[in-house]
Amino acid sequence: MRYLSTRGEAPVREFEDVLLAGLAEDGGLFLPETWPELSAEEWRALRGLPYAELSARLMALFTAPAISEAELLTMTRAAYAGFGHAATAPLVQIEPGIFSLELFHGPTLAFKDMAMQLLGRLFDHVLAKRGQRVTIVGATSGDTGSAAIEACRDRAAVDMVILHPEGRTSAVQRRQMTTVLSPNIRNIAVQGSFDDCQDLVKAMFNDAPFRNEMKLSAVNSINWARIAAQIPYYAYAALALGAPDRPVAFSVPTGNFGNVLAAWVARRMGLPIERLIVGANRNDILARFITSNDMSARPVEPSLSPSMDIQVSSNFERLLFELLGRDAKATAETMTRFRAEGRMPVPDAAWKQATELFHGFTLSDEGTLEEIRRLYAESAYLADPHTAIGTAAARAMRPADAGIPVVVAATAHPAKFPDAVEKATGFRPALPPRMADLHEREERFEVLPADLEAIETVVRGHARRNAA
Ligand SMILES: Cc1ncc(COP(=O)(O)O)c(C=O)c1O
Ligand SMILES: N[C@@H](CCOP(=O)(O)O)C(=O)O
């Protein structure tokens, strides 16, 4: 499988190079040159496979020829062995026709572990083979950072610097990052929003001398490997509910658009996914785009679902590229205008095409609390605020045909957001015993302004110290 950039100016690459590069050299995002498609018969043959096997089978379509299915299987088995549920990503019915796909049974209690536990192993595999080391820089609104740190702590060939927005994550999210004192990990609290953190990461990649000197790599969903590793759980749920012989819909609480993009790819690969519902909090740029072709960024506002406090959704560029008929020049121009003017001019025909599949839904903080309360009262199901946006979106926007099940991506464990859950239900969900002392552990991080030079200085110092 070969990969091209959405902006058309970067060389075509193989999977291993894409994994290590993160962002394409022209500032674009990598995508497969052609989409692999499975026939109905081939999908049927995958029904009932354990998650690790299904994941290896599907991932191999994207990693060939460099990484074989057998090598992947060793990695996926190890990646998911530590999950707290035998099904890895259990599917739980929460009301008639609506299911919760629990993606939070990994070590840091959010869906990011599903991809990141595999990515850590893929980095090890490729870096060992090539005798290289990389410096991973990442931006997080709370969950990517902790999952990446957990997956890469103490790995010999990886240095990691994670930027989070100061004071804008939950205390549990922050502590899951800042209490990891491994020498290869460094945490920076940026005085700004997640969008500022993400801009800084992209600016480091676009600073070619710095990028080359540091051998930068990425674990955010700008890295294609992250998206690829998120596709199998959509297949897992769809197959369990009768695909390819029965259509399904997914409702995905959305921020950076990586998770729902993986569902889009699963559909592109031949699964009968009838509808994709994009749930948003008050930072609703994506829902506004879907409902009214209004893709205009506003300042990020804090909400009870902080991981979705995002206005510039990186992966939208991948969908845009497809909606524009894979026209890299038009994609680059549209993205440049968005950068300059904060408004993305999507042609009406492309927007209409998107609305045939995507449906948008916005929920306020009050609505989120009400949804957590309702779900707990009516179904004894405890949802975190992000998942609750997904369940409310599923009910509001489900297909008219009641025979089409809607699967909600349950993206985080409620114990990651105890304040919001307590507000809704009156009690605080407990962390698993292995994290019971999280609030007593020593924290280590520094606070810096959203200034590229200051951040690059820290990244350089961190990488040099560890390489010495
Ligand atoms: C708990 C949770 N839910 C939803 C999202 C949004 O997912 P995405 O950024 O892939 O759209 C995130 C962050 O990525 C998250 O951490
Ligand atoms: N919600 C995310 C934001 C980054 O998203 P990513 O999927 O691009 O890594 C987070 O928790 O950090």
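These legends describe close-up views of a predicted model. Local features need pLDDT of at least 70, side-chain atom pairs count only at pLDDT 80 or more, and totals for chains, interfaces and linings use all residues. Residues are numbered from 1 along each chain as its sequence is written, while chains are lettered from A and ligands numbered from 1 in the order in which they are written.

**View 1. The shell around ligand 1.** Here 15 residues surround ligand 1. A residue counts if its C-beta atom, placed from the backbone, lies within 6 Å of the molecule. The closest are Asp 143, Asn 256, Asn 259, Ser 307 and Thr 411. By class, the shell has 5 nonpolar, 9 polar and 1 charged residues. Nonpolar covers Ala, Val, Leu, Ile, Met, Phe, Trp, Tyr, Cys and Pro; charged covers Asp, Glu, Lys and Arg; the others, Gly among them, are polar.

**View 2. Lys 112 in helix α5.** The helix spans residues 112-130. Helices are DSSP runs (H or I, at least four residues), numbered from the N terminus. An unreviewed UniProt entry places "modified residue: N6-(pyridoxal phosphate)lysine" at Lys 112; such annotations may be inferred rather than shown by experiment. Lys 112 counts as buried because it has 33 C-beta neighbours inside 10 Å. Buried means 20 or more other C-beta atoms within 10 Å of a residue's own, placed from the backbone. Leaving aside neighbours within four places in sequence, Lys 112 is in contact (C-beta atoms, placed from the backbone, within 7 Å) with Asp 143, Thr 144 and Ala 147.

**View 3. Gln 198 in helix α8.** This helix covers residues 194-206. Gln 198 is buried, with 24 other C-beta atoms within 10 Å. Not counting residues up to four places away in sequence, Gln 198 touches Ala 139, Val 312 and Ser 314.

Conventions:
Helices (H or I, at least four residues) and strands (E, at least two) are DSSP runs, numbered from the N terminus. A residue is buried if 20 or more other C-beta atoms lie within 10 Å of its own, exposed if 12 or fewer, and partly exposed in between; C-beta atoms are placed from the backbone. Two residues are in contact if their C-beta atoms, placed from the backbone, lie within 7 Å.
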